[in-house]
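Have a look at the model first, then read on.

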Amino acid sequence: MTRLAVGLAAVLAALVVGVAPAGATNECKGLQVCVRVSGPWVVVPASRIAPRTPVDYQLSCPRGFIVGGLDAELSDRAVDIDFLGLLGSPVNPGVTTSRAVIFRGVYSGASPRTPTFRPHIGCIPSAGGGSGPVPFRAPEAFPPGQPTVRRVRDVRLHPGTMRAAAACGAGERLISGWHAVGFYTRTPPSAALIQSVSAARTIRGNTVLVRVRAGAGVGAVRAVLQVGVVCGGGS
């Protein structure tokens with residue numbers, strides 16, 4: 001297929017899927033061949049009770065294309081947004097992304113709102129060339145920022161019972177929290193070793209508390225507990 005034919009195919013495919021490109025977004029930045037695909041404004045749950053509830057939205061490229069770039073528009077700066085990508089090395093289209101991508105948004109603000117985000121993807125042909133994006137003037141909107149911060153604490157585990165905590169800073173709001181147990185072993189830890197550690201997480205204000213009980217087998221390996229919080233606001 002010639003370069004011109006591929007380019008025409010890209011434009012036609014964009015029209016078929018209802019592409020609404022936005023010139024103010026950057027999903028096609030640095031891509032010589034790119035078809036812009038825009039999703040709807042996705043409503044983000046605005047509950048202020050931790051843990052905050054996220055919302056997922058999948059956006060897909062036309063057939064014969066893969067995701068090469070991503071961006072989003074926000075109706076509120078307090079929307080924290082990212083995407084679920086595939087793990088791989090190097091990180092690039094076709095390794096990290098496929099034809100579709102899932103965006104995840106969570107509201108990190110303190111006031112009752114009706115926040116939304118509009119996902120954008122830049123699609124590149126899986127082979128061949130194309131024509132590139134068509135300029136388009138988008139309505140004013142906020143670009144994605146970094147309205148949240150993650151605070152993490154790692155604690156070495158020993159046989160017995162212990163507690164660990166992670167907390168948001170002064171003026172920050174707790175959005176969500178997590179904990180994880182890990183073992184530094186040369187091979188995957190046995191089921192018995194894994195089951196010898198139990199952990200329970202609770203939330204008190206802006207603090208995530210984890211109570212851990214570890215068996216005697218933990219003394220022979222390096223085991224860690226990670227406690228983390230996602231916080232909004234602050235300076």
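## The Cys-61 to Cys-123 link

Cys-61 and Cys-123 are joined by a disulfide, with 2.1 Å from S to S. Cys-61 sits in the loop between β3 (55-60) and β4 (65-74), while Cys-123 belongs to strand β7 (residues 116-125), so this bond ties together parts that are 62 residues apart in sequence. The torsion about the S-S bond is -90°, making the link of Cys-61 and Cys-123 left-handed. Both Cys-61 and Cys-123 are buried.

This is a predicted model, by the way.

## The other two bridges

Take Cys-168 and Cys-231: their sulfur atoms are 2.0 Å apart in a disulfide. Cys-168 is in the loop between β9 (160-167) and β10 (172-184) and Cys-231 in strand β13 (residues 222-233), so the pair connects parts 63 residues apart in sequence. This disulfide is left-handed because the torsion about the S-S bond of Cys-168 and Cys-231 is about -90°. Cys-168 counts as buried at 12% relative accessibility, and Cys-231 is buried too, at 0%.

Then there's Cys-28 with Cys-34, a disulfide whose sulfur atoms lie 1.8 Å apart. The link of Cys-28 and Cys-34 is left-handed, with -70° about the S-S bond. Cys-28 is buried with a relative accessible area of 6%, and Cys-34 is buried at 1% relative accessibility.

Notes: Residues are numbered from 1 along each chain as its sequence is written. This is a predicted model: local features need pLDDT of at least 70, side-chain atom pairs count only at pLDDT 80 or more; totals for chains, interfaces and linings use all residues. Side-chain values use heavy atoms; hydrogens and water are left out. A disulfide is a pair of cysteine sulfur atoms within 2.5 Å. Buried means under 20% relative accessible area, exposed over 50%, partly exposed in between (1.4 Å probe, protein chains only). Helices (H or I, at least four residues) and strands (E, at least two) are DSSP runs, numbered from the N terminus.
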